[in-house]
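This briefing is intended for a reader who is new to the structure shown below. Please keep the sequence and the model at hand while reading.

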Amino acid sequence: MNATTGPSPSILARADQVLSWLEITFVGGALAFASVLLFVNVVLRYVFLMPISWAEEVSLYLMVWIVFVGASVAVRTRGHIAIDLLPLVLSAANKRRLAIAIAMVVLVFLAVFGWYSGQHTLRVFSSGQVTPVMQAPMWLTYLAMPFGSALMFLRTCQLLWRLVRQQPSDLSFAMDLQD
Amino acid sequence: MTALLIFILLAIGLFSTVPMFIVLVGTSFIVFAMTSSIPLSILPQRVFAGLESFPLLAIPFFILAANIMGRGGLSARLIAFIQGLVGHLPGGLGMTVVITCVLFGAITGSSASTIVAVGGILYPALIKAGYGERFALGVVTSSALIGMIIPPSNAMIVFGAIANVSIGALFMSGIGAGLVFALVYAVYCVVWAIINKVPRSRRATLAEIAQNAREVVWGLGMPAIILGGLYGGVFTATEAAAVSVIYAAFVCCVIYRQLDLVGLWEVCIESGLASARILIMVGAASLFSWLLTVSGVTQAIVTPFADLRSSPDQTLLFVNILALIAGMLVDVFSNLLILVPILLPMVTGAGISGTHFGIVMSVNVDIGNITPPFGLNLFVASGTFDKSYATVVWAVLPWLVLALFSLAIITYVPEISLWLPRQLYPELR
Amino acid sequence: QTTVKLGHDQPETSTHHQAAVKWKELVESRTGGKVKVQIFPSSMLGSGTQMVEQVQAGALEAAVLPTAWVAPLAPSVQVLDLPFLFPNREVAYKVVDGPVGTEILKPLEKVNIEGVAFWESGFKQFTANTPIRQPADYKGQKIRTMPAPVIQEQFKAFGATPTMINFSELYSALQQKVVDGQENPIATIASMRFFEVQKYMTLSDHGFLAYVFMINKPMLDKLPADQRDILVKAAREAGQYQRDIIKAAEAQHLEAFKKAGVEIMTLSPEQRAEFEKASRPVYDWYIAKFGPATVDLVRADVAKAQGK
Ligand code: NA
Ligand code: NA
C-alpha cells in the first residue's frame with residue numbers, strides 16, 4: 001500500500017495509484033521498446049539489408065512523450081532540477097511557505113504553457129501536417145506537451161494540497177514498484 | 001532593456017528555487033509577451049524542437065545501459081579490473097575516469113552521454129574508493145568534455161558547415177586538443193590524490209589481475225563491440241547507444257545472471273525518469289537560446305567587439321572571452337550559430353587559419369557545457385547522480401579552471417592540435 | 001514601419017543567403033525603408049518544418065525552404081522530387097515559373113501561407129564510394145535518403161537499400177561507411193563537406209531541389225498594395241539573381257571536389273536513359289498515391305518547354 005495516501009484508501013487515492021502506475025509503466029515501457037527497436041533495426045539493416053524505415057522516427061517521438069510524462073512523475077517526487085540554495089537558510093515554517101508560493105507559481109505557469117501548447121497542437125492538427133517517414137499525424141507528437149502539462153498540473157495540485165495540510169509528500173517512486 | 005528584463009526574471013526565478021525548466025520557459029513567455037508581437041503559441045514549439053533531435057536520443061539509452069551495468073554487476077567487475085591495473089597509483093581511479101572518457105569520446109559526439117555512460121559506472125566506484133563526493137562529481141562531469149573534443153564531434157561538424165572548413169581536418173585537430181585536456185586533468189587527479197591522501201589500494205598480484213580479467217571479459221566486450229561497430233560502419237553513434245543497452249542487458253541477465261526481469265524493468269523506469277528530468281531542461285534551454293537569438297541580445301553583446309582590429313593573439317583572446325560568456329547562457333549549437341558568422345571575418349582578417357579557429361571555438365563551446373548557469377553537463381550530472389544543482393556547480397569549479405588552462409594551451413600553442421591535420425591535409429597552412 | 005523576419009536553412013556563405021540579402025536590399029530600397037528585413041540564416045529559428053509552422057502562425061513573416069518541408073501541407077509539390085523529371089535546368093525554370101508553379105503552391109493558401117517564388121539548391125547529384133554509372137551499380141548499396149517516401153522509392157527502384165540517416169549524422173555515417181552513398185545538390189555536398197568522405201560523384205542532375213519562398217498570408221494581405229507587390233516581385237527577382245550566381249558557385253565547388261580527390265563523372269545520354277527507365281516504378285508509385293493530374297500537367301509543360 002502506498003504510504004502517502006493515508007490510512008483509508010479513498011477512490012481518489014486509488015485513482016492516484018493507478019495514474020502513478022500508468023505513468024511509470026509508460027516511461028519504462030517506451031524506453032525499453034525504443035532500445036529494442038533501434039537494435040533490431042541495426043541487425044535488419046546490416047545483416048538483411050532491410051532497415052525499418054520508421055525506427056528512428058518512432059524512437060524519437062517516444063522520447064518526447066517519455067520526457068513530458070516523466071516530468072509529471074518528477075513533479076510528484078520533487079525531482080526537477082532547481083537551484084536549491086535558498087531552502088538551506090530558511091526555517092522549516094518558511095520553507096513550507098516558500099514551497100506553497102512556488103507551487104502556485106508553477107500552477108499558473110503550467111496553465112499558460114498547457115494552453116499555448118494546446119493551441120499549437122490544434123493548429124498542427126488542422127493543418128493536417130504529417131511526420132516525414134510514417135506520414136502519421138504530427139499533432140500526436142505535439143500532444144505530449146499539453147498532455148504532460150495537464151498531468152503536471154494535477155500533480156502540482158496534489159503537492160499543494162499536501163503542503164497546505166502539512167502532509168509529507170512522495171519523495172520516491174520506488175514504492176510504486178512494489179505495489 | 002530586454003536583456004535587463006531577462007536577467008531580472010532569471011535571477012528571481014532561479015534564486016527562489018522554481019524548477020529550472022519552468023524558469024527558462026516562463027522567462028521566455030513573459031519577455032515575448034511584453035516585448036514582441038510574436039504569437040505565444042509558437043514558444044512551445046521551440047521546447048519541442050530542442051527535444052526532437054536524433055543525437056539527443058543517445059542520452060536515455062546511455063543512461064539505461066549504465067544503470068543496467070551498475071545493477072547487473074558488470075560495472076563492479078570493470079572497476080575491479082581497472083583498479084587491479086592502476087589502483088595502486090596515486091589518483092589511479094580518477095585517471096581511470098579521464099582515460100575512459102577519452103576512449104568513450106571516440107564513440108560519441110556528445111559530452112552529455114559520456115557523463116552518464118562513464119559516470120554511471122565510475123561515480124559510485126570513486127565514492128567507494130574514498131575520493132569524496134566533490135571530487136567524484138567534478139571529475140566525472142568535467143572529463144566528459146573530452147568526449148566532445150575527441151572525434152567524432154557534433155560541434156565540429158556544425159562549425160565546419162558554417163565556416164566552410166574541412167571537418168576531417170577539424171576531427172584530426174581534436175585528437176591533439178583532447179589529449180591536452182586529458183593530460184591536464186590526469187595530472188590534477190594525481191596531485192589532488194597525493195595532497196588529500198586518498199587511500200591507495202595495494203598492488204594487485206598477477207593472479208588477481210588474471211582472475212579479474214577472466215571476470216571482466218564480457219564487460220570489455222562492450223567497448224569492443226561499440227567501437228568496432230561504429231568504425232566498422234555497422235551503426236551510427238546514436239544507434240550505438242541502443243546496441244549497448246541490449247548488450248549490457250544480455251551480459252547481466254544471461255551471462256552473469258545478476259539481474260532478473262523485474263530488476264531490468266525497474267532499471268528501465270529509473271532510467272526513463274532520469275532522462276525526462278534532464279531532457280526537459282534541454283527543451284527549455286533551447287527555447288531560451290531562441291529568445292536570446294531572436295531578441296538580438298547575444299548579437300548586441302558580441303557585435304561591438306567584432307570590428308576591433310588586432311594581432312592574432314589578441315583576436316583569439318577576444319574569441320575566447322566572447323565564446324565563454326555566450327557559453328554561460330546558450331547551448332553549444334546556438335553559440336556556434338551566433339558567434340561563428342560574426343567572428344569569422346575578424347579572425348580571417350587577423351590571419352588565423354580556419355582549422356585553428358575551429359578547434360578553439362569547438363573547445364570553447366564545449367566548455368560552455370560546464371559553465372553555470374546553463375550547462376548541459378551540469379544538468380545531466382544533477383539528474384544522473386541525483387545531486388542538487390548547486391552541489392554539482394561547486395564540484396565542477398576547480399575543473400573549470402583547469403579547462404580554461406587547457407583552452408589557453410590549445411589556443412596559444414596551436415602546433416599541438418594542428419600538427420596531425422597538417423600531415424594528412426597538406427593544403428592546410 | 002513593418003519588420004519582416006526571413007528565415008532559411010543555409011549558411012551565410014550560400015547562394016541562398018546572398019539571394020536573401022538581395023531580397024532585403026530590394027525590399028528596403030523600394031519601400032523607402034518602410035519595410036525592414038531581418039535575415040535569420042542557418043536554421044537559427046528552427047528546423048524546416050518548424051519554420052513553416054512559424055510562418056503559418058505569423059511568428060515568422062517569411063521563409064525560404066526546400067519543398068520537402070511544405071509537402072505535408074501541399075502534397076502536390078512532391079512532384080518536383082520525382083527523379084529525372086526535368087531534362088535540364090532551363091526547362092525546370094520555365095515550368096516552375098509558369099502556371100504549374102502557381103498551381104502546386106496553391107494549397108498553401110488554405111493554411112495562411114502564400115508561396116510566391118521558387119528558389120533552389122540546384123540539381124541533385126549522386127555520390128558514392130564506388131562509381132555509379134547505371135542503376136545496376138546501386139545493387140546492394142546502402143544509400144542515405146531524406147525522410148521522404150518518394151526518395152525512398154527512387155533508390156528502391158534502382159535496387160539500393162534506402163537508409164534513413166539524420167542529416168546531422170550523415171558526415172560521420174559516410175566516413176564510417178554506415179552508408180555507401182547519398183544524393184544532394186553540389187552546394188550542399190560542398191557546405192556539409194561530404195566530398196571529404198566520398199570517392200565518386202556522378203553528375204546526374206536527376207532531381208531539382210527547389211526552395212519555396214513563402215510569406216505569411218495575413219501579414220501580406222494587411223500591407224498596402226504597393227508594398228505587397230514589392231515583396232512578391234523582389235522574391236522572384238532575388239530568385240533570378242540566385243540562378244545567376246549558382247552556376248559560378250557550382251563550378252568553383254566542383255574544382256574543390258576534384259582537388260580533394262573526388263572522381264567526377266557525367267551521365268552519357270544512354271546512361272541517363274537507363275536511369276529514366278529504372279525510375280518508372282517511382283512514377284507509378286506516385287500516380288497510385290496522388291493521382292495522375294499533377295504529373296501529367298508537369299510533363300505536358302516539360303514537353304512544351306522542350307518543344308520551343
Ligand atoms: Na567525440
Ligand atoms: Na554554460
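Phe181(B) and Tyr185(B) are separated by about one helical turn, because they stand four residues apart in helix 11 (residues 167-195) of chain B; helices here are DSSP runs of H or I of at least four residues, strands are E runs of at least two, and both are numbered from the N terminus. The model is predicted: local features need pLDDT of at least 70 and side-chain atom pairs pLDDT 80 or more, while totals for chains, interfaces and linings use all residues. Residues are numbered from 1 along each chain as its sequence is written, chains are lettered from A and ligands numbered from 1 in the order in which they are written, and side-chain values use heavy atoms, with hydrogens and water left out.

**Aromatic pairs**

- Over all chains, the count of aromatic pairs comes to 38; rings of Phe, Tyr and Trp (its six-membered ring) pair if their centres lie within 6.5 Å, and planes under 30 degrees apart count as stacked, over 60 as edge-to-face and the rest as tilted.
- The pair of Phe159(B) and Phe357(B) is edge-to-face, because the ring centres are 5.3 Å apart and the planes stand at 75°.
- Phe159(B) belongs to helix 10 (residues 154-163) of chain B and Phe357(B) to helix 18 of chain B, so this pair ties together parts that are 198 residues apart in sequence.
- Both Phe159(B) and Phe357(B) are buried, a term for residues under 20% relative accessible area, with exposed meaning over 50% and partly exposed in between (1.4 Å probe, protein chains only).
- Phe181(B) and Tyr185(B) also form an edge-to-face pair, with 5.5 Å from centre to centre and 70° between the planes.
- Phe181(B) counts as buried because its relative accessibility is 0%, and Tyr185(B) counts as buried at 0% as well.
- Ring pairs link a cluster made up of Tyr131(B), Phe135(B), Phe181(B), Tyr185(B), Tyr188(B), Trp192(B) and Trp399(B).

- Gly327(B) in helix 16 of chain B and Phe374(B) in the loop between helix 18 (354-367) and helix 19 (376-385) of chain B are 47 residues apart, a pair that links distant parts of the chain.
- Both Gly327(B) and Phe374(B) are buried.

**Packing of helices 16 and 20 in chain B**

- Residues Asp313(B), Leu316(B), Leu317(B), Asn320(B) and Leu324(B) of helix 16 meet Leu404(B), Leu407(B), Thr411(B) and Tyr412(B) of helix 20, where contact means heavy atoms within 4.5 Å.

**Glu250(C)**

- Glu250(C) is found in helix 9 (residues 225-259) of chain C and is buried, with a relative accessible area of 10%.
- Leaving aside neighbours within four places in sequence, Glu250(C) is in contact with Arg89(C), Ser121(C), Gly122(C) and Ile186(C).

**Chain A**

- Chain A has six helices and zero strands.
- Buried residues make up 51% of the 179 residues in chain A.
- Of the contacts in chain A between residues at least 6 apart in sequence, 71% join residues at least 24 apart.
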